[in-house]
Amino acid sequence: MESYLDEVNNNNRNMGITTLLEDTVKNRNLDQITSLKLQAPMSVNRLCMLGTYVPNLVELDLTDSFLPSFRDFAFKLNNLKVLKVASCNLKSLDGIWNIPNVEVLYAPDNDINDLMLCSTLIKLVNLDLSKNKIMNLTRLHFLNFCEHLRCLSLTGCPVAKIENFEKNIREILPNLEQFNGNQTAEIENVKPKLTIQSIVCGNITAALRSKKANHKGNRKHSLEAETNILSQ
């Protein structure tokens with residue numbers, strides 16, 4: 001193992017990033033690692049140096065780690081395309097701009113409540129923020145900056161309880177191909193409820209149209225008759 005992985009931990013109370021990598025990758029060459037799965041505990045130190053030690057990461061899975069912010073680890077991960085941070089205690093997307101080339105962001109079961117910083121992920125294709133604290137429908141407009149976004153999941157978020165939510169999503173993000181696991185083309189349009197008032201109004205409208213048509217027909221016949229009389 002390379003010498004820079006020799007991190008001394010005198011008190012043994014906190015784990016350093018190098019120790020965590022040693023336990024995970026064993027004797028593999030760090031420069032050759034493109035896919036990595038780590039579970040970083042609350043006590044891990046210098047996780048922000050991850051990109052320095054493993055510079056060629058394309059896929060990173062930190063599921064069930066303790067990561068209050070993307071700033072804790074998102075640094076020098078320029079090659080990263082797939083990031084999985086499910087159940088990581090994330091409070092916000094602060095620091096997400098440090099991984100601008102991410103195409104897939106899987107971050108369900110966190111405490112994220114604002115999507116504004118997603119606008120920096122211009123290459124994003126697939127976004128899963130299920131079971132987060134997203135409440136504001138208007139904040140979803142920021143996802144239009146992600147021009148390549150095609151798949152979105154917001155199941156279990158408070159915003160999903162808004163009336164006609166799926167219809168609103170299709171209006172806000174017309175380029176989506178899949179929403180909450182369903183093809184957007186297969187999501188039924190929200191139909192107005194059939195009520196007594198709508199039936200009565202419909203009947204009245206139909207009657208008025210019929211009366212108007214009959215009036216036009218009678219007027220036409222009357223004009224034809226007058227024309228015949230004058231021509232005689």
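Modeller: A salt bridge here is a side-chain nitrogen of Lys or Arg within 4 Å of a carboxyl oxygen of Asp or Glu. Keep that cut-off in mind for Asp128. The model is predicted. Asp128 sits in strand S5, residues 126-128. Asp128 is buried, yet has no salt bridge. The nearest side chain of opposite charge is Lys131, 9.5 Å away. What does the side chain of Asp128 make a polar contact with? The partner is the side chain of Ser130, at 2.8 Å. Leaving aside residues up to four places away in sequence, Asp128 touches Leu105, Tyr106, Ala107, Pro108 and Ser153.

Now the ion pairs. The structure holds seven salt bridges. One of them joins Lys84 and Glu59, with the closest N and O atoms 3.6 Å apart. Lys84 lies in strand S3 and Glu59 in strand S2, so this pair ties together parts 25 residues apart in sequence. Lys84 is partly exposed, at 28% relative accessible area. Glu59 is partly exposed at 28%.

Asp94 pairs with Arg71 in a salt bridge at 2.7 Å. Asp94 is in the loop between S3 and strand S4, Arg71 in the loop between S2 and S3. Asp94 is partly exposed at 25%, and Arg71 is partly exposed at 47%.

Asp114 and Arg139 meet in a salt bridge at 3.7 Å, N to O. They lie 25 residues apart, linking distant parts of the chain. Salt bridges that share partners also join Lys91, Asp111 and Lys133 into one network.

Note on methods. Residues are numbered from 1 along each chain as its sequence is written. This is a predicted model: local features need pLDDT of at least 70, side-chain atom pairs count only at pLDDT 80 or more; totals for chains, interfaces and linings use all residues. Side-chain values use heavy atoms; hydrogens and water are left out. Helices (H or I, at least four residues) and strands (E, at least two) are DSSP runs, numbered from the N terminus. Buried means under 20% relative accessible area, exposed over 50%, partly exposed in between (1.4 Å probe, protein chains only). Lys and Arg count as positive and Asp and Glu as negative; His and the chain ends are not counted. A polar contact is a pair of N or O atoms within 3.5 Å; within protein, one must be able to donate a hydrogen and the other to accept it, and residues adjacent in sequence count only if both atoms are side-chain atoms. Contact means heavy atoms within 4.5 Å.
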